[in-house]
Amino acid sequence: MTLTLMIQGTTSDAGKSVTVAGLCRVFKRRGLSVAPFKPQNMALNSAVTPEGGEIGRAQAVQAQACGLLPHTDMNPVLLKPNSDTGAQVIIHGKALSNMEAQDYHDYKKRAMSAVLESHQRLSKQYDVIVVEGAGSPAEINLRANDIANMGFAEAVGCPVVIVADIDRGGVFAHLVGTLDLLSETEQARVKGFIINRFRGDIALLQSGLDWLEERTGKKVIGVVPYIHDLHLEAEDAIDKRQQVSNNAIKVVVPVLTRISNHTDFDVLRLHPQVDLCFVGKGEAIPPCDLIILPGSKSTRRDLDYLRSNNWDVDINKHLRYGGKVLGICGGFQMLGKALHDPDGIEGDAGSSEGLGFLDMETTLGSEKTLRRVSGQLIGSGAKISGYEIHAGISSGPALNNAFADLISHQDGCRSADGHIIGSYLHGLFDESETRNELLSWAGAKEIEDLDYAGIIESNIERLADCLEAHLDIDALLAY
């Protein structure tokens with residue numbers, strides 16, 4: 001019998017994703033075949049699976065913790081917000097359509113079928129499935145037709161453990177209040193609690209733990225200490241932590257309203273020779289060596305947003321003073337002369353004037369390109385790999401001076417003066433050869449090598465060590 005264990009949280013960012021990743025590695029260490037699962041994910045950080053599907057990036061990291069390649073069954077429903085009230089709905093890795101919130105609410109019953117199909121397939125392959133909930137199970141307005149939390153747990157009859165972040169404060173109110181807002185059958189499904197990110201002397205917390213168990217009748221499975229400098233790719237929030245050396249180059253990333261796959265920059269944030277700065281609304285782009293225009297789920301709207309912050313003026317000035325500019329995916333499209341959306345893929349049909357730095361135009365279409373790629377940089381032959389997630393096709397003379405020669409096609413371009421590079425590849429900094437060449441192009445000297453894959457792997461191991469030491473793993477497996 002496959003054990004399906006669901007980790008839910010009292011709030012967003014309570015530690016669900018990290019807990020699932022750590023438990024996946026813990027169970028794998030015990031010789032169990034284990035897979036991650038998130039019924040419904042809402043995130044703009046996504047990954048491409050080997051079969052050419054799209055899932056949440058957190059599930060790709062959790063798959064790595066299991067020693068698996070990511071698969072669309074690990075995240076059967078992915079919602080990618082493209083406005084405050086609407087999102088692109090992705091089912092089993094493929095974009096279905098854009099839906100407003102009410103339309104998707106009505107669609108949930110059909111989405112649940114996709115969720116249960118994926119869970120059933122995984123159940124036939126693995127000993128343990130560790131499930132990550134979404135947000136909180138106690139959101140009253142979202143409980144009807146729920147597929148992300150208790151709706152799924154009730155449908156498959158799995159036990160639930162609730163995680164709360166004590167570092168936020170109010171942890172006992174979070175846990176008791178969440179439990180109180182659940183139905184009787186859902187409350188019975190909750191087997192225990194995990195308290196996350198604890199700092200201090202555990203003896204001072206013990207009276208509260210005793211009270212919690214007496215008040216709820218639920219077991220406190222463990223208290224996880226705050227793990228300093230834990231680096232795993234984030235599902236949503238931009239992580240700004242970094243330590244830089246005195247000879248670091250300055251890299252600036254403007255934060256767009258629908259910035260996608262900002263995990264592209266995690267490796268730069270960890271590099272001691274890079275001072276990575278995220279610039280937000282109302283802030284000017286400071287003097288720097290390199291400006292990176294990131295991907296966007298709403299490229300035309302974010303191009304307007306970029307101009308509203310006068311970042312186009314800052315970029316022009318930066319280039320006049322000899323700075324470098326890199327555009328990734330949507331950021332690459334913005335660098336051209338025009339963006340066309342004749343079918344209203346991103347909203348209202350129409351065209352937008354691009355920044356005009358590259359002699360090319362992009363037309364958005366209904367077919368989304370989803371593929372993992374590899375090859376080499378044109379000129380140096382440096383090894384490059386990454387993944388494409390875009391709905392646009394670019395054309396124009398600028399593309400004759402391509403950036404990379406991939407196995408199946410050429411990617412991106414370089415400007416005639418060599419100061420601008422555009423690429424459709426996410427994850428292009430992950431390969432050390434390409435990363436080092438791009439940092440050298442931006443002005444870095446005597447570049448230190450960084451084993452990014454090794455850093456992620458060591459952090460998964462460190463996380464698993466911590467959970468082994470502070471959670472009752474046998475109790476979790478007994479559910």
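Where in the chain is the place of histidine 271? The first legend answers this; some notes on the model come before it.

The model is predicted: local features need pLDDT of at least 70 and side-chain atom pairs count only at pLDDT 80 or more, while totals for chains, interfaces and linings use all residues. Residues are numbered from 1 along each chain as its sequence is written, and side-chain values use heavy atoms, with hydrogens and water left out.

**View 1. Histidine 271 in a loop.** Histidine 271 has its place in the loop between helix 8 (266-270) and strand 15 (274-279). Helices (H or I, at least four residues) and strands (E, at least two) are DSSP runs, numbered from the N terminus. With 0% relative accessibility, histidine 271 counts as buried. Buried means under 20% relative accessible area, exposed over 50%, and partly exposed in between (1.4 Å probe, protein chains only). Not counting residues up to four places away in sequence, histidine 271 touches Gln243, Arg435, Leu439, Ile447, Glu448 and Leu450. Contact here means heavy atoms within 4.5 Å.

**View 2. The whole chain.** The secondary structure comes to 14 helices and 26 strands. The chain has a radius of gyration of 23 Å, close to the 23 Å that the globule rule gives for 479 residues, so it is as compact as a globular protein of that length. This radius is taken over C-alpha atoms, and the globule rule is 2.2 Å times the number of residues to the power 0.38. Along the principal axes, the C-alpha atoms fill a box of roughly 70 × 50 × 40 Å. Of the 479 residues, 58% count as buried. Among contacts with a separation of 6 or more, 73% are accounted for by residues 24 or more positions apart.

View 3. Helix 1 covers residues 16-29; at 1.5 Å a residue, its 14 residues should span 20 Å, and its end C-alpha atoms are 20 Å apart, which agrees. The expected span is 1.5 Å times one less than the number of residues. Helix 1 is mostly covered, with 11 of its 14 residues buried. Among them are Lys16, Arg25 and Phe27. Glycine 31, which follows helix 1, has a positive phi near 85°.

**View 4. Alanine 164 in strand 10.** Alanine 164 has its place in strand 10 (residues 160-165) and, at 0% relative accessibility, counts as buried. Its contacts, leaving aside neighbours within four places in sequence, are Thr10, Ala14, Val171, Leu175, Ile194, Ile195 and Asn196. Between alanine 164 and isoleucine 420 there are 256 residues in sequence and 45 Å in space, C-alpha to C-alpha.

**View 5. Serine 260 in strand 14.** Strand 14 (residues 259-260) holds serine 260. The relative accessible area of serine 260 is 6%, and the residue is buried. Leaving aside neighbours within four places in sequence, serine 260 is in contact with residues including Leu44, Asn45 and His426.

**View 6. Two loop residues with positive phi.** Histidine 92 is not a glycine, yet its phi is positive, about 50°. This histidine 92 lies in the loop between strand 7 (86-91) and strand 8 (94-100), and at 23% relative accessibility it counts as partly exposed. Glutamate 446, also not a glycine, has a positive phi of about 45°. The loop between helix 12 (432-442) and helix 13 (452-470) contains glutamate 446, which is exposed at a relative accessible area of 79%.
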